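Please keep the sequence and the model in view while reading.

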Amino acid sequence: MVIYPGKLTEVDCFWIGRIFESDIESLLTATEATFLEMHVEIPDRSPARESEASHTIEYEDYDSTSGSYDNTRVPIGLPIILDYLASTPTALSGQTVLDAGCGTGSCLSELRGRIGMLHGRELNAGMQQVAKKRFTDDPAVQIEQGSITELPFADETFDGILCNQVLHHLDRGQHDDADSADFPNVRSFFREASRVLRPHGVLVINTSSHQQHRDGFWWAALIPAAIDRMLIRFPSIDRLEKIFQQTGFVGFETTVPVDEVLQGENYLDPAGPLSAAWRAGDSSWSLTTDQELAHALDNVSAGLENGKMAAFLEEREQLRAKIGQTTFLVARKP
Ligand SMILES: C[S@@+](CC[C@H](N)C(=O)[O-])C[C@H]1O[C@@H](n2cnc3c(N)ncnc32)[C@H](O)[C@@H]1O
């Protein structure tokens, strides 16, 4: 990104002949990211709606997409999750486990039958209803609606708590002080998780590192400004390690499932972005401006027509295969 500094500097610079709206958008995004790094407070300019009561940023319309969510997203990392759970003092069949932000309950479905008692807590009514229906009359799975920033459970209830791809939906708060004031709702969730975990219980988080966002999703190269907006919402892996420490957790570890993708078998559909239902499988699409989206879809259509999509996908896949899409983080209650 080059900013033309006009007559404000002696530094060599050059004139940019034509500036398009997307250039200005990119400039604003870079400026926003820099301000945030400098801990300068700025209003949120993304299309997201913030809900103070739930401490959540609703930039996905889950009420509309809950019915088709399972067509676009698959649960990943089951062996990793089971290994982490198995490292706690109680045998899996005797454990009580919470899936925080359980969505449609697809991960709970994979765990059903292997873990004694399962709970799912989900804020969005549409998603919660799909999960509730999935486990109707199943006494081993309880689904409740509510925010994970407040867990209405007694102290030391759970052997393990899972939280898959949810942290970026929590309101990131103001960035006055990098170590204590930002991501306050991630902190609230971790503190609550620590309270309701049994001693030596595990909190297992699945999220994406900033580099995984850029290289682990092939379409990220088509919508770079939306990816930058997305990154601001994701605590980095280093930041999460700090928050774990600050909220009383120990024994931090990470595992990257490089062979699995969140979108399952639909992932490499070169025409996928042309379908709104397909795009609903990844939140970054919902952070595009209308113009960015139109531009990305034009590129996809052109690539399909001129036969260049296959080479583009292959190039992007080489990057993903090295870095993966997501990272599992685990930390333990002492
Ligand atoms: C990307 S989806 C992931 C769903 C599920 N964990 C999965 O892996 O398929 C994010 C989910 O987090 C939920 N969510 C967002 N904020 C929440 C909060 N404060 N408390 C509980 N759930 C929340 C959303 O409603 C949505 O279902």
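The protein holds 13 helices and nine strands. Of its 334 residues, 40% count as buried. Among contacts between residues at least 6 apart in sequence, 73% join residues at least 24 apart.

**Confidence**

- The mean pLDDT of the protein is 87, and 80% of the residues reach 70 or more.
- Residues 44–52 have pLDDT below 50. Beyond near neighbours in sequence, the model gives this stretch 14 contacts.
- Residues 176–181 also stay under 50 in pLDDT. For them the model has eight contacts beyond four places in sequence.
- Where pLDDT is low, predicted coordinates should not be read in detail.

**Strand β3 and its parallel partners**

- Strand β3 spans residues 96–100 and is mostly covered, with four of its five residues buried.
- With strand β4 (residues 117–122), β3 pairs in the parallel sense over five bridges. Within this pairing, T96 stands opposite M117 of β4.
- Between β3 and β4 the chain passes through helix α5, residues 106–111. This β-α-β crossover is right-handed.
- β3 is also joined to strand β6 (residues 158–164) by three bridges, and the two run parallel. Here D99 stands opposite L162 in β6.

**Ligand shell**

- How many residues surround the ligand? The shell has 23, and the closest are G101, G103, N124, N164 and H169.
- The elements giving two or more residues to this shell are α5 and β4.
- By type, the shell divides into eight nonpolar, 12 polar and three charged residues.

- β9 covers residues 327–332. Six of its six residues are buried.
- In a regular strand the side chains alternate between the two faces of the sheet.
- Are the faces of β9 covered or open? Both are covered. T327, L329 and A331 are buried on one side, and F328, V330 and R332 are buried on the other.
- Strand β7 (residues 197–207) pairs with β9 in the antiparallel sense over six bridges. The bridge partner of L203 in β9 is A331.
- Strand β8 (residues 250–255) and β9 run antiparallel and are joined by four bridges. T254 of that pairing stands opposite L329 in β9.

**T327 in detail**

- T327 lies in β9.
- Why does T327 count as buried? The reason is its 21 C-beta neighbours inside 10 Å, where 20 or more are needed.
- Leaving aside neighbours within four places in sequence, T327 contacts T207, S208, S209, Q212, I237, T254 and V256.
- T327 and G77 are 250 residues apart in sequence. In space, their C-alpha atoms are 9.5 Å apart.

**Helix α9**

- Helix α9 (residues 224–233) is mostly covered, with eight of its 10 residues buried.
- The buried residues are A225, A226, I227, D228, R229, M230, L231 and R233. The list includes the charged types D228, R229 and R233.

**Two positive phi values**

- Most residues other than glycine have a negative phi.
- D137 has a positive phi, near 60°, and is not a glycine. D137 sits in the loop between α6 (125–134) and β5 (141–145).
- D137 counts as exposed because it has 4 C-beta neighbours inside 10 Å, and the exposed class takes 12 or fewer.
- Q165 is likewise not a glycine and has a positive phi of about 55°. Q165 belongs to the loop between β6 and α7 (184–196).

Terms used:
Residues numbered from 1 in each chain as written. Pairing = 2+ DSSP bridges. Right-handed = clockwise from strand over helix to strand, strands pointing away. Near = placed C-beta within 6 Å. pLDDT = per-residue confidence, 0-100. Contact = placed C-beta atoms within 7 Å.
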